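Subject: Structure for your review

Dear colleague,

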Amino acid sequence: MTGMRDFHIGNRSRLASRLPRKSFALVLSGKAPRATADEFYPFKPDRNFYYLTGLKRENFFVLLVKDESEVEEMLFIEEPQPDIEKWVGRRMTRDEAVAVSGIPVVFYERELKTILNKVIHEKALKTAFFDLERLTFEEPQNQIHSLVSEFREKYPHIQIESLHYPLRDLRVKKQGIELEQIRGAVALTRLGIDEILRNLRPGLYEYQMEALFNYVIMNNGAEGNAFKTIVASGPNGVILHYVENQRRMKKNELVLLDLGARFEGYNADVSRTFPVGGTFTPRQRELYELVLKVQEEVLQIMKKGTLFSELNLKAVEVFTRELLATGLIEKPEEVSKYYYHGVGHYLGLDTHDIGARDIPLEPGMVITLEPGVYVSEEAIGIRIEDDILITEEGPVVLTRDIPKEIHEIEAIMKNQ
Ligand SMILES: [Mn+2]
């Protein structure tokens, strides 16, 4: 698709314009780690690599070299290996890699170090950019960390910088083609949730809801799940990332669903909380309306100029006010007993997409809005999550067609 190729070409040129003179940036597609014996974890391409190239193959590299202002782009791919290809399928050819990425210069991966050394010397490069993002201090070295350790030893005169910051600043603002894919992921997610609503009833197991969702999204062309589906009924609803989905659901309980489809690389992330038996009890209704109220009030400030961090502050403020009013808490500081996660995150190629959290909202950002209340002593967990696009005209709820109001949910479940 040329639209996609132009998108990736544009991403490289925007990234290159942020690099200083006499620098290079190297990005890896990654390698699947071994799970056990000769079995590997499924390969997931590094999202930055995909953003820059459109390629989803293992063990590829993209190199951008910036001299004064001119930029050279080089791609490194795996060599054809007929004996391996009988098992795992054909490797991508140079021509195919060029067609997808728009990068005209392609080498084999084994040539990377020689060529890198050559351009460093020929152009007297001063700065190297690698994606050095770490989730935690303790996280083990990954492929890029090891490569950078070796690089630092061999080229001590070259300054190393993290490519994570320029990339997150680019990726946080979605372009038109990305919004189309996110809307596609949302549409698939809606089909899956509709199917759950039509089938939900007491006596079924949580995993049956997961199976229905997965079947419907895959049957309609999803690439897969954005993340492992959460179907958390009754007491499980208070565990934020409950993924076992083994429990038999009972009447008068709520079931919390947190799920999403992935489409053309982009994710949806939606939570809905439904009454297993088709009607909310008065208590469930009270708490559900409370969460909806928090969602509505935070949505009001999801516009250009609001700081990302203000969204959380607003959610805590409204939860505190409302939980005090219902009598569930007596002092404001008790709010964290019932609401204990952030109210949203960026959404895109990654479900928890990269982007700075201390910046004002801008048109093009897609952010989840997911307040939740978790009352373990009553076995009630409620989370309602929508995907919001920030525009010049204000927030657009991309997931607005997925049933959320109590009367809608009860009406659909009554007719099943
Ligand atoms: Mn989420």
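The axes of helix H8 (residues 176-199) and helix H9 (residues 206-219) come within 8 Å of each other and cross at roughly 140°. This makes H8 oblique to H9, since angles under 35 degrees count as roughly parallel, over 145 as roughly antiparallel, 65 to 115 as roughly perpendicular and the rest as oblique.

The model is a predicted one: local features need pLDDT of at least 70, side-chain atom pairs count only at pLDDT 80 or more, and totals for chains, interfaces and linings use all residues. Residues are numbered from 1 along each chain as its sequence is written.

Helices (H or I, at least four residues) are DSSP runs, numbered from the N terminus. Axes are lines fitted to C-alpha atoms, for helices over the stretch in contact, and angles run from 0 to 180 degrees between N-to-C directions.

In the contact between H8 and H9, residues of H8 including Leu 188, Leu 191 and Ile 196 meet residues of H9, among them Met 209, Phe 213 and Val 216. Two residues are in contact if their C-beta atoms, placed from the backbone, lie within 7 Å.

In the second pair, the axes of H10 (residues 282-300) and H11 (residues 308-326) come within 9 Å and cross at roughly 150°. H10 and H11 are therefore roughly antiparallel to each other. Their contact involves Leu 290 and Val 294, among others, on H10, and residues including Leu 311 and Phe 319 on H11.

Yours sincerely

Notes:
Helices (H or I, at least four residues) and strands (E, at least two) are DSSP runs, numbered from the N terminus.
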